[in-house]
Amino acid sequence: MASKIRLGILGGGGDSLIGVLHRVAAAMYDQYEIVGGVFNPNWEENIGFAEKIVLPTNRVYKDFETLIVEETKLTVSESMQVVSVLTPNFLHFPMAKKLLENGFNVICEKPMTITYEEAIILQETLKLANTVFAVTYTYTGYPMVRQMREMIANGEIGEVQKIDAQYYQGWINPIIHDKEKRSTTWRLNPEKSGISCCIGDIGTHAFDMIEYVTGLKVNAILADLNYVYDDNKMDVDGTVLIRCSDTTKGVIRTSQIATGEENNFTVQVYGKKAGLKWAQENPNYLYLLEDGKPLRVLKPGHSYNSEISLDGTKLPPGHPEGIFDSMGNIYKGVARAIRKEQYDHMEFPTIIDGVRGMNFIEKAVESHQKGNIWVTLDD
Ligand SMILES: NC(=O)c1ccc[n+]([C@@H]2O[C@H](COP(=O)([O-])OP(=O)(O)OC[C@H]3O[C@@H](n4cnc5c(N)ncnc54)[C@H](O)[C@@H]3O)[C@@H](O)[C@H]2O)c1
């Protein structure tokens, strides 16, 4: 009988935003068992958190280097098989690289690294490691996002002619206008966050979502970013025009100073025959728009949905799917890949998505800094 996949976690401690999402996602399909990790660089908090989540502390380590040394001493049937990297951005690269070099499968938060150069190095490292690597662009796990992708791929909306993704949050608004706060949050510190805050944090979700649902590649962008204060080094708002081709164009609208907004992430794709609209704050509804016809609303769990959409739905229609389910679906796909079972390559974002995300961030900043010019993304 197969045993549960042994999972280690780096970051995601008690004070973190994303830790609980990964722990619940890992438990959702009964495929993983958390066996240890490093939850916090402070030892007392690290151990204290492990005790709080009722995790035996014998495999809670002081840092990721020690985790790798100690875990590689264990037998193949005991050691961690996959490690999730949930720390602030600047730690993703050194942690993920060393894990890959030591043969671990890796689930890495986005943005994958803090520079495009690091992303390319990680891609080369993965080629040698030949393990599984996932980047958690969480929203691609929603059943109705997967349904949107399938419908576009099947030609149900015709050739895509207009793309619009919006990601509006307001959480930085009270921080940006307070000099002390804006100089102390890690997300506004380029050394910890990378060269961009808003585009790096949420613009990348929108960019990845567009490429995921349309199956198209964005090949050129023009960005206009807003830093609000001269002493602030990081964008907190940005609008990016995108071109996939001369006839398929669109816009990514992002903000973390959209006062009062929570997690208002939407994606709209319009083809020659029809349009599709999805919104993260209301994720169980996929809207189908057609010329001269009444609006149709598609929902999860119905037999009219595609196989990959239904695979991500656990309960009959009417039981809402949420962000935990979406991340759970990504973990489920990764589990299949680790077990070398058959899986659909759209079940989880890969290193390619991570690399493209980093290229997008750097090009958006370059476009803005050069006076809002068109710049080309790498293939
Ligand atoms: N996929 C998503 O939708 C999504 C959403 C939120 C955050 N994120 C990403 O998740 C990552 C973490 O974000 P967050 O909001 O949870 O950050 P956070 O600041 O809330 O938490 C960071 C955690 O990392 C731990 N940590 C810091 N240094 C460490 C070290 N050296 N070793 C081990 N642990 C360490 C901290 O103790 C804390 O528990 C970021 O890369 C962020 O972009 C992704």
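The legends below go with a set of close-up views of a predicted model.

Residues are numbered from 1 along each chain as its sequence is written. Since the model is predicted, local features need pLDDT of at least 70 and side-chain atom pairs count only at pLDDT 80 or more, while totals for chains, interfaces and linings use all residues; side-chain values use heavy atoms, with hydrogens and water left out.

**View 1. Helix 1 and what covers it.**
Helix 1 spans residues 19–28, and its buried residues include Gly19, Leu21, His22, Arg23, Ala25 and Ala26. Buried here means under 20% relative accessible area, exposed means over 50%, and partly exposed is in between (1.4 Å probe, protein chains only). Helices (H or I, at least four residues) and strands (E, at least two) are DSSP runs, numbered from the N terminus. The cover over those buried residues includes strand 1 (5–11), strand 2 (32–38), helix 2, strand 3 (82–86), strand 4 and helix 12. After helix 1 comes Asp30, with a positive phi near 60°.

Val20, Val24 and Phe324 make a nonpolar surface patch of about 210 Å². To join a patch, a residue needs over 30% relative accessible area and no salt bridge; like charges are joined within 9 Å, and nonpolar side chains (Val, Leu, Ile, Met, Phe, Trp, Tyr) within 5 Å. A salt bridge is a side-chain nitrogen of Lys or Arg within 4 Å of a carboxyl oxygen of Asp or Glu. Areas come from the Shrake-Rupley method with a 1.4 Å probe, and for residues only the protein chains shown count as cover. Look for Phe324 in helix 12 (residues 323–338); Phe324 is partly exposed, at 33% relative accessible area.

His205 sits in helix 10 (residues 198–214) and is buried, with a relative accessible area of 8%. Not counting residues up to four places away in sequence, His205 touches Lys110, Thr136, Tyr137, Thr138, Tyr139, Tyr167 and Phe265, where contact means heavy atoms within 4.5 Å. Lys110 is also worth a look for its peptide bond to Pro111, which is cis with omega near -15°. Pro111 lies in the loop between strand 4 (105–108) and helix 5 (116–129).

**View 2. Glu211, also in helix 10.**
Glu211 is found in helix 10 and is buried, at 8% relative accessible area. Its side chain reaches the backbone nitrogen of Val218 at 2.8 Å. That is a polar contact, a pair of N or O atoms within 3.5 Å; within protein, one must be able to donate a hydrogen and the other to accept it, and residues adjacent in sequence count only if both atoms are side-chain atoms. Leaving aside neighbours within four places in sequence, Glu211 is in contact with Arg149, Leu216, Lys217, Val218 and Arg356.

**View 3. Thr248 in a loop.**
Thr248 lies between strand 8 (237–243) and strand 9 (249–255), yet this loop residue is buried, with 5% relative accessible area. A polar atom of the Thr248 side chain is 2.8 Å from the backbone oxygen of Val160. Beyond four places in sequence, Thr248 contacts Val160, Gln161, Ile163, Leu216 and Arg243.

**View 4. Leu122 in helix 5.**
Leu122 is part of helix 5 and is buried, with a relative accessible area of 0%. Aside from neighbours within four places in sequence, Leu122 is in contact with Phe93, Ala96, Lys97, Leu100, Met112, Thr113, Phe133 and Ile351. Gly155, 33 residues away in sequence, is 35 Å from Leu122, C-alpha to C-alpha.

**View 5. Two valines with positive phi.**
Most residues other than glycine have a negative phi. Val54, in the loop between helix 2 (43–52) and helix 3 (64–73), has a positive phi near 55° and is exposed, at 71% relative accessible area. Val228, in the loop between strand 7 (220–226) and strand 8, has a positive phi of about 70° and counts as partly exposed at 35% relative accessibility.

**View 6. Cysteines without disulfides.**
The structure holds zero disulfides, a disulfide being a pair of cysteine sulfur atoms within 2.5 Å. For Cys108, the closest cysteine sulfur is in Cys197, 18 Å away, so the two are too far apart for a bond. The sulfur of Cys244 is likewise too far for a bond, because the closest cysteine sulfur, in Cys198, is 20 Å away. Cys108 is buried at 0% relative accessible area, and Cys244 is buried at 11%.
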